[in-house]
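Have the model open as you read.

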Amino acid sequence: MKSITRIIMCSAMLAMIPFVYSSACTGITLRTTTGETVAARTIEWAGNDLQSCYAIVPRGYRQRSYVPGGDKEGMAFTAKYGYVGLAVQQPEFVVDGLNEAGLAAGLFYFPEYGEYETYDATKKQNTVSDLQLVSWILSNFKTIDEVKAAIADIHIVTIDPRGSTVHWRITEESGRQVVLEIVGKKLHFYENTLGVLTNSPGFEWHLTNLNNYVNLQTGAVNMSKVGDMQLKAFGGGGGMHGIPGDMTPPSRFVRAAFYQASAPKYEDTGKTVEQAFHILNNFDIPVGIQFAAGQTVPDIPSATQWTVATDITKRRIYYRTMHDATIRCFDLNAIRFDKASYKWAPLDKEKRQMVIMVK
């Protein structure tokens, strides 16, 4: 009963807070010189601490989805593959994760543009909530084609129709990545060869919008003259002058695309993971800028609640949080998913940044 009450309260909270406070997830994808893939992203929410946790899910673990009204009477599914997921509010709501077969998946807010099908209680045995679709994907599949073949037979709904819709990013070990959006109550898969994802509008719109920045280039710009006056750049990187710097999803998509494309490639996935965190530093959102003057700002350090980088080839998930920038790692190879017990725990044991005094 406590869990049901909590989920209803969570849905109500998300519905009452304008989704401008949450629409700020930024995803990038980096590849090594040998083609190995690192998928990384941030998750933002300025309304309150999401009480994020991790979940270690063994093979054979059985889950059942929530349905509208807070009842846990939706589709039941059993984990064919073990996985590690990062969740918000409660362990069932996995936002991003990786399974032992090398399939990664994550959800991104997609307000006002998505539209799920209407919930039909007579079909609840084949119904999965949008906040649990990542868990369903990681539990059952090894490849994107397997996901596409199976997803047509289930119904995806929101727990609370007042809340935001989401869209999803799915990446397999081969490096192939797709974006799944549900628009007009229909499933749409898009091949994401670019590897970037943010929020609304739709994915195809963002790709078209990139053409507005065809003038941007890396490096310095040449000097030029206006009449007799010699013009020169004030500093390095002048070729990127004009790149949008605000926090809206379209602007973040453009910045992420250019920062990702200009990043050096490494042979080692460890260095690639470090590069992903450095790039995503540029997308940390100070909590105060999402509130108008006079509004009460929540007592949290940042609107960017955590950042995660997934080394799909080596089966490792790295993360840091708004409370502690220390990078922590799950090595899925070290977990016996055939023998492990289900486990969840907060992402931070202590919600404070460690400070080391220099002597």
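## Strand S3 and its neighbours

S3 and strand S6 (residues 83-87) run antiparallel and are paired over five bridges. In that pairing, Val57 sits opposite Tyr83 of S6. S3 is also joined to strand S19 (residues 343-346), again in the antiparallel sense, by four bridges. There, Cys53 has Pro346 in S19 as its bridge partner. For the terms: strands are DSSP runs of E with at least two residues, numbered from the N terminus, and two of them pair if DSSP finds at least two bridges between them.

S3 itself covers residues 53-57, and five of its five residues are buried. Buried here means under 20% relative accessible area, exposed means over 50%, and partly exposed is in between (1.4 Å probe, protein chains only). Cys53, Ala55 and Val57 are on one side, Tyr54 and Ile56 on the other, and both faces are covered.

## About the model

Keep in mind that this is a predicted model: local features need pLDDT of at least 70, side-chain atom pairs count only at pLDDT 80 or more, and totals for chains, interfaces and linings use all residues. Residues are numbered from 1 along each chain as its sequence is written, and side-chain values use heavy atoms, with hydrogens and water left out.

Is Thr29 buried or exposed? Thr29 counts as buried because its relative accessibility is 3%. Thr29 belongs to strand S1 (residues 27-31), and its side chain makes a polar contact with the side chain of Gln177 at 2.9 Å. (A polar contact is a pair of N or O atoms within 3.5 Å; within protein, one must be able to donate a hydrogen and the other to accept it, and residues adjacent in sequence count only if both atoms are side-chain atoms.) Leaving out residues up to four places away in sequence, Thr29 touches several others, including Thr37, Val38, Arg169 and Gln260, where contact means heavy atoms within 4.5 Å.

Lys339 is in the loop between strand S18 (328-331) and S19. With 61% relative accessibility, Lys339 counts as exposed. Its C-alpha atom is separated by 27 Å from that of Ala150, which is 189 residues apart from Lys339 along the chain.

## The second largest pocket

Among the residues lining the second largest pocket are Tyr54, Pro346, Asp348 and Arg352. A pocket is an open set of points on a 1 Å grid over the protein atoms alone, where a 1.4 Å probe fits, with protein on both sides within 12 Å along at least five of seven lines; lining residues have an atom within 4 Å of a point.
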